[in-house]
Amino acid sequence: MAVAEIYLDGRPSSIRTARQWAVKHARDAEASPGVVKVVELLTSELAANALAHGRAEPVLVRVGVIGDQYVVRVTDEGDTLPVVRDDGPRVPGGQGLRLVERLASDWGVDVHPRGKTVWFAVALDATTPLG
């Protein structure tokens, strides 16, 4: 897997930076337009969660292609594992992982001695509800 990585500081603008950076790499990998939109949305969600719930900065974002999948990995030093909430769409907040679960081909959490990595994968040529 050819990997690119970027470190984010704790500023809210880092979410936008991560999103734009991941989108550029998805386009470079010739992901379909719908996949680029999925990457944009889900990278924002994972970066926001890492910045909100991780214990320290920087947050590491890695992207790359494995086979026919575009993979985004977000690593922080927090020890709280993400949970997909089942509160329904009328409850504000907490919907990010439901989006990841719905739009990604696969996703998961890898636990490390000093934190965790939350990741998602999506097929480069996938048909998505986003276009």
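**Close-up 1. Val 23 and its neighbours.** Val 23 touches Val 36, Val 39 and Glu 40, leaving aside residues up to four places away in sequence. This is a predicted model, so please read each legend here as a description of a prediction. Val 23 itself is found in helix α1. Is Val 23 buried or exposed? Its relative accessibility is 7%, so Val 23 counts as buried.

**Close-up 2. Helix α1 on its own.** Let us look at the helix that holds Val 23. With 16 residues at 1.5 Å a residue, α1 should span 22 Å; its end C-alpha atoms are 23 Å apart, so the two values agree. Which residues of α1 are buried? They are Ser 14, Ala 18, Trp 21, Ala 22, Val 23 and Ala 26.

**Close-up 3. Helix α1 packed with helix α2.** Two packed helices can be described by the angle between their axes and the distance between those axes. For α1 and α2, the angle is about 145° and the axes are 8 Å apart. α1 passes α2 in a right-handed crossing. On the α1 side, the contact is made by Ser 14, Ile 15, Ala 18, Arg 19, Ala 22, Val 23, Ala 26 and Arg 27. On the α2 side, the residues are Val 36, Val 39, Glu 40, Thr 43, Ser 44, Ala 47, Ala 48 and Leu 51. Sorted by class, the contact of α1 with α2 has 10 nonpolar, 3 polar and 3 charged residues.

**Close-up 4. The loop between α1 and α2.** Glu 30 sits in the loop between α1 and α2. Just after α1, Glu 30 takes a positive phi of about 65°, although Glu 30 is not a glycine. At 69% relative accessibility, Glu 30 counts as exposed. Ser 32 has its place in the loop between α1 and α2, but Ser 32 counts as buried because its relative accessibility is 17%, and the cut-off for buried is under 20%. What does Ser 32 touch, not counting residues up to four places away in sequence? The answer is Leu 124, Asp 125 and Ala 126. Ser 32 and Thr 128 are 96 residues apart along the chain, and their C-alpha atoms are separated by 9.4 Å.

**Close-up 5. Helix α2 from end to end.** α2 has 21 residues, so at 1.5 Å a residue it should span 30 Å; its end C-alpha atoms are 30 Å apart, which agrees. The buried residues of α2 are Gly 34, Val 35, Val 36, Val 38, Val 39, Leu 42, Thr 43, Ser 44, Leu 46, Ala 47 and Ala 50. Let us pick out Gly 34, which lies in α2. Gly 34 counts as buried because its relative accessibility is 1%. Gly 34 and Arg 85 are 51 residues apart in sequence, and 25 Å apart in space from C-alpha to C-alpha.

**Close-up 6. Helix α2 packed with helix α3.** α2 and α3 pack at an angle of about 145°, and their axes are 9 Å apart. What is the handedness where α2 passes α3? The crossing is left-handed. From α2, the residues Val 38, Leu 41, Leu 42, Glu 45, Leu 46 and Asn 49 meet Gly 96, Leu 97, Leu 99, Val 100 and Leu 103 in α3. The residues of the contact of α2 with α3 divide into 8 nonpolar, 2 polar and 1 charged.

**Close-up 7. The largest nonpolar core.** How many residues are in the largest nonpolar core? It has 31 residues, and those with the most contacts inside it are Val 39, Val 61, Tyr 70, Val 72 and Phe 120. Two or more residues of this core come from each of β1 (2-8), α1 (13-28), α2 (33-53), β2 (59-66), β3 (69-76), α3 (96-103) and β5 (115-123). α2 gives the largest share of this core, 8 residues. Now zoom in on Val 72. Not counting residues up to four places away in sequence, Val 72 touches Val 39, Thr 43, Val 61, Arg 62, Val 63, Val 118, Trp 119 and Phe 120.

Conventions. Residues are numbered from 1 along each chain as its sequence is written. This is a predicted model: local features need pLDDT of at least 70, side-chain atom pairs count only at pLDDT 80 or more; totals for chains, interfaces and linings use all residues. Side-chain values use heavy atoms; hydrogens and water are left out. A nonpolar core is a set of buried Ala, Val, Leu, Ile, Met, Phe, Trp, Tyr and Cys residues joined through side-chain atoms within 4.5 Å. Buried means under 20% relative accessible area, exposed over 50%, partly exposed in between (1.4 Å probe, protein chains only). Helices (H or I, at least four residues) and strands (E, at least two) are DSSP runs, numbered from the N terminus. Contact means heavy atoms within 4.5 Å. Axes are lines fitted to C-alpha atoms, for helices over the stretch in contact, and angles run from 0 to 180 degrees between N-to-C directions. A crossing is left-handed if the near helix is turned anticlockwise from the far one by less than a right angle, and right-handed if clockwise. Ala, Val, Leu, Ile, Met, Phe, Trp, Tyr, Cys and Pro count as nonpolar, Asp, Glu, Lys and Arg as charged, and the others, Gly among them, as polar. The expected span of a helix is 1.5 Å times one less than its number of residues.
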